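Dear colleague,

Please find below the structure that I am handing over to you. My findings follow it.

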Amino acid sequence: MTLKILQFGTTGQLATELLRQAPAHDVAITALSRADCDLADPEAAARKVVEIAPDLVVIAAAYTAVDLAETEQDLARAINAAAPGAIARACASSGAALVNISTDYVFDGAGGAPYAEDAATHPLNIYGLTKLEGERAVLAACDRAVNIRTSWVVSAHGKNFVKTMLRVGAAGNPLRVVDDQRGRPTSAADLAGFILSQAERLAAAKAGDPAFGTLHFANSGEVSWRGLAVAIFAEAMGDNAPEVAAITTAEYPVPAARPLRATMDTTRLQQVFGITPRPWQAALSDILTELKG
Ligand SMILES: NC(=O)c1ccc[n+]([C@@H]2O[C@H](COP(=O)([O-])OP(=O)(O)OC[C@H]3O[C@@H](n4cnc5c(N)ncnc54)[C@H](OP(=O)(O)O)[C@@H]3O)[C@@H](O)[C@H]2O)c1
């Protein structure tokens, strides 16, 4: 029977990929844009769950402006923490399973990477803190929910590091990119494919199933921002690639502190779902091919 999914978000990287890949799965997605349902009004979001009565809810929208969150703390908290909490309560009362998306920025990256799901959290910025509060609110309210933490999300759509580098590198001028922050770039397409491939299992699973709880999903391998920039330019621009000088985090001041190495361990993904994500280089290559059109 076709699975009924309620998706919050239509325009973001993950939301776009979920909608794009949905036809390959036996699912019917009702996707709500910000105009349909503003997550800054958590109770309105909860009412949508009751009204639509889906089998599975996927929260693919979030407050993702990491630096702006430092000054828009209340709004970030409403969207990233209060809304997932309210949606989770509605899921619990209406019998829907829930997928909430979180971030590697719940870790401080100061040591101990790669972090397993049960590693101690310590967000360095408001964005990471509100996402962590959202995780906790979800698990407190709904026992058929999974918080999927992901990292360095990239795709051919929306705003992301790949598209920014292609834009700023187009002129061929030398660039300076942070080299002391390392992470696991993750394809929004790979994450969307994972969620859709597991939708039926999640919708059918009972409370206590290992599919629920906290889960790390990231493409394999890790790299610095500079290393990622060099890889993007090498493939997209070949001999015309700009020079990319290495700078430190301290040399690139921004409002929100970032973890230096918050890379996540994805062993649980393999153990519970039997999935090992492909290397980030392969995912990047697909994105660059798509952008070339
Ligand atoms: N991007 C990353 O590097 C990264 C890393 C780790 C985790 N994550 C997490 O992964 C998930 C997906 O991220 P993404 O990269 O796909 O996000 P994204 O491309 O930045 O898109 C964010 C989406 O949220 C929507 N949104 C923002 N405020 C909203 C509101 N008040 N009401 C309703 N919708 C609202 C936006 O809609 P509009 O178009 O209307 O603005 C947009 O569709 C998020 O939970 C994010 O925290 C992302």
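Thr263 sits in the loop that runs between β12 (244–247) and α8 (267–273); helices (H or I, at least four residues) and strands (E, at least two) are DSSP runs numbered from the N terminus. With a relative accessible area of 3%, Thr263 is buried, a term that stands for under 20% relative accessible area, with exposed meaning over 50% and partly exposed in between (1.4 Å probe, protein chains only). Leaving aside residues up to four places away in sequence, Thr263 touches Ala113, Pro114, Tyr115, Arg182, Gly183, Arg184 and Glu222, where contact means heavy atoms within 4.5 Å.

Please note that this is a predicted model, in which local features need pLDDT of at least 70 and side-chain atom pairs count only at pLDDT 80 or more, while totals for chains, interfaces and linings use all residues. Residues are numbered from 1 along each chain as its sequence is written, and side-chain values use heavy atoms, with hydrogens and water left out.

I turn next to the ligand. Of the 23 residues around the ligand, those that come nearest are Thr11, Arg34, Asp38, Thr64 and Tyr127; a residue is counted as near if one of its heavy atoms lies within 4 Å. A polar side-chain atom of Thr11 is 2.4 Å from a ligand oxygen atom, and an N or O atom in the side chain of Thr64 lies 2.6 Å from an oxygen atom of the ligand. Gly12 brings a backbone N or O atom to 2.9 Å from an oxygen atom of the ligand. On its own the ligand has 900 Å² of accessible area, of which the protein covers 82% (Shrake-Rupley method, 1.4 Å probe).

The elements that give two or more residues to the shell around the ligand are α1 (13–21), β4 (97–103) and α4 (126–141). The largest share, 3 residues, comes from β4. By class, the shell has 12 nonpolar, 8 polar and 3 charged residues; Ala, Val, Leu, Ile, Met, Phe, Trp, Tyr, Cys and Pro count as nonpolar, Asp, Glu, Lys and Arg as charged, and the others, Gly among them, as polar.

As to the chain as a whole, its secondary structure comprises 9 helices and 12 strands. Buried residues account for 52% of the 293 residues. The C-alpha atoms fill a box of roughly 55 × 40 × 35 Å along the principal axes. Among contacts between residues at least 6 apart in sequence, 81% join residues at least 24 apart.

With kind regards

Terms used. A polar contact is a pair of N or O atoms within 3.5 Å; within protein, one must be able to donate a hydrogen and the other to accept it, and residues adjacent in sequence count only if both atoms are side-chain atoms.
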